[in-house]
Amino acid sequence: CNQNQDRERQLTGCSEVLGRGNLETAANRSIAFYNRGNAHRARGNLDAAIRDYDEAIRLNPRDAFAFIGRGLAHGARGNLDAAIRDYDEAIRLNPRDAIAFNNRGAAHRARGNLDAAIRDCDEAVRLVPSFAAALNNRGNLHRARGNLGAAIRDYDEAIRFAPTFAAAFNNRGNSHRARGNLDAAIRDYDEAIRLNPRYAEAFNNRGFAYHARGNVDAAIGDYDEAIRLHPSYAEAFNNRS
């Protein structure tokens, strides 16, 4: 039932633990519900995940991790208010939890509250300066506000701490492209694709940069690949047309 890459085995193991009922301590049952919730969430079964997180929290109301897990499940269902309430509680329980701040920032961004999102990402980075995901997320927020220099600096830092972070290369490429630096953008898209050859968005973005340089054949080739990888990618179809 412990954290396991094989989610099916984890589901089975946690269900076996929980099937012992009161033979297990409340603490062990809370952990089993939390781990099984994570397995359900990883498999996309969000309702079952939330039910398990509910039980984990009922058994151990001070488990910040269970609130974070439930917040992620609520966010994946589009229930951002519930997600933010869970992250609020996780932060109340552990004010130094950088993951909770980063996740709450993502929820605020999804609601369109960029100022609150940046404040949360700032705090996540203050707590863990090497937190590449938070740096990348803050870069996205700076880019959304048009502050491309600050965005690129955050992507630089994310890549410094996580050199195989394909999304940070793709996002930095977008910022370079927005500044008109197409050569730098293409280099970043190249690296994102090298790190993740199935990264349809990076192919689409590189196609856009090639098109802007007048290299239409290369652009069409990248749009072809984006569509092959993601057959319902409407933007890539539009760009290729």
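**Exercise 1.** Find how D224 and R240 are joined, and where each one sits.

*Solution.* Start with the bond. D224 and R240 form a salt bridge (a side-chain nitrogen of Lys or Arg within 4 Å of a carboxyl oxygen of Asp or Glu). Their closest N and O atoms lie 2.7 Å apart. Next, place the residues. D224 belongs to helix 13 (residues 216-229) and R240 to helix 14 (residues 234-240), 16 residues apart. Helices here are DSSP runs of H or I with at least four residues, numbered from the N terminus. Last, check accessibility. D224 has a relative accessible area of 35%, so D224 is partly exposed. The label covers values between buried (under 20%) and exposed (over 50%), with a 1.4 Å probe and protein chains only. R240, at 34%, is also partly exposed.

This is a predicted model: local features need pLDDT of at least 70, side-chain atom pairs count only at pLDDT 80 or more, and totals for chains, interfaces and linings use all residues. Residues are numbered from 1 along each chain as its sequence is written, and side-chain values use heavy atoms, without hydrogens and water.

**Exercise 2.** Locate N102 and name its contacts.

*Solution.* N102 sits in helix 6 (residues 98-110). Its 7% relative accessibility makes N102 buried. Beyond neighbours within four places in sequence, N102 contacts (heavy atoms within 4.5 Å) C121, A124, F131, A133, A134 and N137.

Technical notes: Helices (H or I, at least four residues) and strands (E, at least two) are DSSP runs, numbered from the N terminus.
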